[in-house]
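Look at the sequence and the model first.

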Amino acid sequence: MRTDDFWQLIDRARTGGGEPDAVAARAVALLAARDPEEIVGYAHHQQRVLTASYRVDLWGAAYLINGGASDDGFEYFRGWLITQGREVFARAVADPDSLAELPQIRSASLSGEEFECADMLAVPWDAYRRATASDLPGEREAIRQPDLNDFWDLDDEEEARRRLPRLATLFVEPPQE
């Protein structure tokens, strides 16, 4: 599966709107209708997308937005980010602070809403099982881990303001209602 095919499937799953879990369910249905080889290709591409987004500053953004982010929480955040489509995803990977531009992120500074979608991460496995009644062949590829020396103290408000100024404005000292 090519990059464009991966993101076109996500865009089709986003049609009709809905919550991220609904986008994931539509992605499963769309992918399950394809040949098993394409589902395997989707799984490989999804892993590449997740690996490319395993970045310290994006983790910091997830930490600010969600009020914390464990290893799993960061993975689920990136699942949610995939449901937002190619443009938002690419912009967030290149500049995590750009997430402050999204209306739902801005409103979360007041509501405390968290952004995660574990179901999006399971799309290729669920689609393959639906299409073939068997498990997706192979094992999940290991995601490249960032150098822990690159981590900053995610609770350090000054460092958050320096690294992610727009998000820090929203979440370090949230606006008053």
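## Helix packing and core

Helix 2 crosses helix 9 in a right-handed manner. Right-handed means that the near helix is turned clockwise from the far one by less than a right angle, left-handed anticlockwise. Helices (H or I, at least four residues) and strands (E, at least two) are DSSP runs, numbered from the N terminus.

This is a predicted model, in which local features need pLDDT of at least 70, side-chain atom pairs count only at pLDDT 80 or more, and totals for chains, interfaces and linings use all residues. Residues are numbered from 1 along each chain as its sequence is written, and side-chain values use heavy atoms, with hydrogens and water left out.

The chain has 11 helices and 0 strands. Of its 177 residues, 45% are buried (under 20% relative accessible area, with a 1.4 Å probe and protein chains only).

Two helix pairs are set out below. Axes are lines fitted to C-alpha atoms, for helices over the stretch in contact, and angles run from 0 to 180 degrees between N-to-C directions.

| Pair | Axis distance | Angle |
|---|---|---|
| Helix 2 and helix 9 (residues 123-132) | 8 Å | about 45° |
| Helix 1 (residues 3-14) and helix 2 (residues 20-32) | within 8 Å | roughly 125° |

Helix 2 is therefore oblique to helix 9. Contact means heavy atoms within 4.5 Å. On the helix 2 side, Ala24, Ala27, Val28, Ala29, Leu31 and Ala32 take part; they meet Val123, Pro124, Asp126, Ala127, Arg130 and Ala131 in helix 9. By class, this contact has 10 nonpolar, no polar and 2 charged residues. Nonpolar here covers Ala, Val, Leu, Ile, Met, Phe, Trp, Tyr, Cys and Pro; Asp, Glu, Lys and Arg are charged, and the others, Gly among them, polar.

Helix 1 and helix 2 are oblique to each other too. Their crossing is right-handed. Leu9, Arg12, Ala13 and Arg14 in helix 1 touch Val23, Arg26, Ala27, Leu30 and Leu31 in helix 2. This contact has 6 nonpolar, no polar and 3 charged residues.

Now the core. A nonpolar core is a set of buried Ala, Val, Leu, Ile, Met, Phe, Trp, Tyr and Cys residues joined through side-chain atoms within 4.5 Å. The largest has 55 residues, and Ile82, Leu99, Met120 and Leu167 touch the most other members. Which residues does Leu99 contact, leaving aside its neighbours within four places in sequence? They are Leu58, Ala61, Ile65, Phe77, Leu81, Ala92, Ile105 and Leu167.

Conventions:
Parallel < 35°, antiparallel > 145°, perpendicular 65-115°, else oblique. Buried < 20%, exposed > 50% of the residue type's maximum accessible area, 1.4 Å probe, protein only.
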